[in-house]
Amino acid sequence: MRKIVTVARLWLAVTAVAVSSPAFTNGHVTPRSVLHQLSSSSKVLNRTELWFDQTLDHFSPYNRAKFQQRYYEFLDYFRVSDGPIFLKICGEGPCSGISNDYLGVLAKKFGAAIVSLEHRYYGKSSPFKSLTTNNLRYLSSKQALFDLAVFRQYYQDSLNLKLNKKGENPWFFFGVSYPGALSAWFRLKFPHLTCGSLASSAVVLAVYNFTEFDQQIGESAGPECKAALQETNRLIEQKFAKNRYEVKALFGAAELEIDGDFFYLLADAAVIAFQYGNPDTLCSPLVEAKNAGNDLVDAYAKYVKDYYLGSFGTNVQTYNQKHLKNTTLGEDSADRLWWFQVCTEVAYFQVAQANDSIRSSKVDAKYHLDLCKNVFGEGIYPDVATTNIYYGGTKIAGSKIVFINSSQDPWRHASKQISSPDMPSYLITCHNCGHGTDLRGCPQSQLNIEGDAQNCSSPDAVQKVRQQLVEKMDLWLSECSQPTTGRQYV
């Protein structure tokens, strides 16, 4: 998830909130890539690092280079030796373990092992110590899918050797946000290697001008909060025109020299409340300030500093293009890495609408394209048409993929929301249901043990969709176990 980057840039990571999501933030989808570490042992099933040699370039017949890729396994619920194997895809950030979300409940129910592979380049799985634009040429969703295929075969062979057995265990793939898209795309491209996939909040549609993103924020906010947000933005821009340095300092973002970076931070700060199931954290103080005639700019600045930069844990440097240009591999490299994927493959440009926008008009397509050029050099831009041709976008022609989205999540407009016979799409509807609610519960930050849904405004809505997922998994895993002629798992 811009983990799902808004992060809001989708940084869609998404998996970002659980272990690594999202924000595609980035990514996938998170708003830019907000990564939350797991501190409590009860929030993680296993964090013991394992490694294997991965191919650097799956598309070259000449390049035999390898790199070390990190993964994790959890075998406490595994039914030896015919139990299924659940592969949880990590996304646009460091993968520090297997989080104890609803997937653990599913593993116990099905007697499954859980394995989780860190995405190439992120965390400790980087092929290079220097992240120059040239060295990033092997960073793509296509390479990542082959990583998953190679790892899946490696792990199956290792398990067979360990258990002194032959044959294949049934596999099922899981992902949230950008990893949710990878989960769907894996089933599309390698149907013989998995019984099915869960594509949770899966951003399968590459979007150039993603205006639907802000439209959903307005709908999720409701009329009163939306009006307060829009008035707040107008007042900020008025003050900004008089003294930009004073306004940036008010929000704790004085180091952001590029105005568009600053306004992107302000937009993401609002997005995150709805994306991750905390709408009242934003709307209550803003609406109260508006009704009381108090200064809306001060009220929003307090929210940004106390919540978005405070308890939620976003770093202002995430929005600083000087930081994004840093090519030295480090703990904060995920920001640069996800932007490279955004700027070359998927875009997800969260731009202001021409009318009725929530975010500043300074956050437009030109801002994004200028960022891509400034950070990575000439000739770097997202070829969304090619990405959608390759994967199909929302017209993905796959099978045995469950798509799940939530009503308040702005990323759902880049997902498949219309069911088809072999690819059901479910929508969880409630006041605080956001990105990845089906696996994470409400809110998504910080992690809810076993994806507990009791804090969702409608737990029954979450449980209903979870039961529909279980029924599909039960059917597809049983079909995998039946003797077939020809290719397995199809």
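Colleague: What joins strand β6 to strand β8, and which way do the two run?

Modeller: In this predicted model, β6 (residues 85-89) and β8 (residues 113-117) run parallel and are joined by five bridges. Two strands pair if there are at least two bridges between them, so β6 and β8, with five, count as paired. Opposite serine 116 of β8 stands lysine 88.

Colleague: Which strands form the open sheet, and in what order?

Modeller: Eight strands form it, in the order β4-β5-β8-β6-β9-β10-β13-β14, with mixed pairing. On average, neighbouring strands of this sheet are turned by 25° against each other, direction ignored.

Colleague: What makes β4 and β14 edge strands?

Modeller: Each of them, β4 (50-55) and β14 (425-428), pairs on one side only.

Colleague: Which helices lie across the strands of this sheet?

Modeller: Helix α2 (residues 141-163) lies across β4, β5, β6, β8 and β9, and runs at about 130° to β4. Helix α14 (residues 459-481) lies across β6, β9, β10, β13 and β14, and its angle to β14 is about 160°.

Colleague: What makes the contact of α6 with α7 nonpolar?

Modeller: Ala270, Ala273 and Phe274 of α6 meet Pro279, Leu282 and Cys283 of α7. Ala, Phe, Pro, Leu and Cys count as nonpolar, so the contact has six nonpolar residues, no polar and no charged.

Colleague: Which element gives the most to the lining of the largest cavity?

Modeller: Helix α6 does, with five residues. The elements that give two or more residues are α4 (211-242) and α6. About 80 Å³ of space lies in this cavity.

Colleague: How do you know that two of its lining residues are charged?

Modeller: The lining includes Asp214 and Arg359. Asp and Arg count as charged, and the lining divides into eight nonpolar, two polar and two charged residues.

Colleague: How many charged residues line the second largest cavity?

Modeller: Three, beside six nonpolar and two polar. Glu118, Arg120 and Asp147 are in this lining, and Glu, Arg and Asp count as charged. The volume is about 50 Å³. Helix α2 gives the largest share of the lining, three residues.

Key. Residues are numbered from 1 along each chain as its sequence is written. This is a predicted model: local features need pLDDT of at least 70, side-chain atom pairs count only at pLDDT 80 or more; totals for chains, interfaces and linings use all residues. Side-chain values use heavy atoms; hydrogens and water are left out. Contact means heavy atoms within 4.5 Å. Helices (H or I, at least four residues) and strands (E, at least two) are DSSP runs, numbered from the N terminus. Axes are lines fitted to C-alpha atoms, for helices over the stretch in contact, and angles run from 0 to 180 degrees between N-to-C directions. On a 1 Å grid over the protein atoms alone, a cavity is a set of points where a 1.4 Å probe fits but cannot get out, and a pocket is an open set with protein on both sides within 12 Å along at least five of seven lines; lining residues have an atom within 4 Å of a point. Grid points are joined across faces, edges and corners, and a volume is the space filled by probe spheres set on the points.
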